[in-house]
Amino acid sequence: MVVLYPKAWHIYLSRMNNFDFYTFAEEMARSLRGIGHSDSRCRFFKANGSDEYSSLDERLSSVGSTVLIAVNRGDSDTQRNGADHIEERCGYVIIIASPTNDSQPDSRITAVTAADAMLKQIRNVLLRRYGNRLVQAKIYPGDVIADNFFGKALEFVMTEYPSFAVDQNFFIADGQID
C-alpha cells in the first residue's frame with residue numbers, strides 16, 4: 001500500500017497522468033509473443049474513433065499474421081464526470097485480430113481464443129500499472145475486424161486527473177499552504 005504525504009500528492013498525480021495510449025499499445029504489440037511487432041515486421045496499427053474500416057482493410061491487406069490495432073476514442077468520445085468537471089474520461093480500444101480462412105471455420109475459433117488470451121493479459125497489465133485510473137475494462141465477443149481478419153476487442157476507460165499542485169502566488173505571503 002502506498003502512503004502519500006500531502007506534499008507528495010502532486011508528484012504522484014503528475015506521474016499517474018502520463019498515460020500515452022499509443023506508446024502503451026505499441027509496447028504490448030512488441031511484447032506479446034503472439035504478435036511480435038518490430039520495425040521490420042509491422043503488426044501494430046493506429047486508428048482514431050473516426051477512422052473508416054475500409055482504410056483499415058487496406059492497411060491490413062499486406063499482413064498475414066496476428067495484429068494489434070489501437071483505437072483512440074479520446075478525441076471524439078470524451079465524457080465529463082458530474083457537475084464539477086474535475087476529471088476527464090478517455091476511451092480506448094485495443095483490437096487483436098488474426099487472418100482467417102472462410103473454408104476453415106475453426107480458424108475463427110482459433111483467432112478468437114488467441115485474441116481473448118492476449119487481451120486478458122493486456123487488461124492485467126493495465127490493472128497492475130494504472131488500476132486506480134482504470135474505470136472500466138470490457139472484452140467484447142469475437143467479430144470480423146477487417147476483410148478476413150477475425151478477433152476481439154478490449155475497450156477501457158481511463159480517468160485523467162488534473163494537476164492538484166498549489167500555486168503559492170495565490171495566497172498571502174504570511175504562511176505556506178501545504
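The protein has four helices and six strands, where helices (H or I, at least four residues) and strands (E, at least two) are DSSP runs numbered from the N terminus. The order of the elements from the N terminus is α-α-β-α-β-β-β-α-β-β. This is a predicted model, in which local features need pLDDT of at least 70 and side-chain atom pairs count only at pLDDT 80 or more, while totals for chains, interfaces and linings use all residues. Residues are numbered from 1 along each chain as its sequence is written, and side-chain values use heavy atoms, with hydrogens and water left out.

Of the 178 residues, 37% count as buried; buried means under 20% relative accessible area, exposed over 50%, and partly exposed in between (1.4 Å probe, protein chains only). Ala146, in strand S5 (residues 134-146), counts as buried because its relative accessibility is 5%.

Two packed helices are described by the angle between their axes and the distance between the axes. Helix H2 (residues 21-31) packs against helix H4 (residues 106-130) at an angle of about 130°, with the axes 11 Å apart. H2 is therefore oblique to H4. Here the axes are lines fitted to C-alpha atoms, for helices over the stretch in contact, and angles run from 0 to 180 degrees between N-to-C directions. Angles under 35 degrees count as roughly parallel, over 145 as roughly antiparallel, 65 to 115 as roughly perpendicular and the rest as oblique.

A salt bridge is a side-chain nitrogen of Lys or Arg within 4 Å of a carboxyl oxygen of Asp or Glu, and the whole structure contains six. One of them joins Arg129 and Glu27, at 2.7 Å from N to O. Arg129 belongs to helix H4 and Glu27 to helix H2, so this pair ties together parts that are 102 residues apart in sequence. Arg129 is partly exposed at 38% relative accessibility, as is Glu27 at 31%.

Within helix H2, Glu26 and Arg30 are four residues apart, about one turn of the helix. They form a salt bridge whose closest N and O atoms are 3.0 Å apart. Arg30 also forms a salt bridge with Asp39, with 2.6 Å between the closest N and O atoms. Asp39 is exposed, at 71% relative accessible area, whereas Arg30 is partly exposed at 37%.
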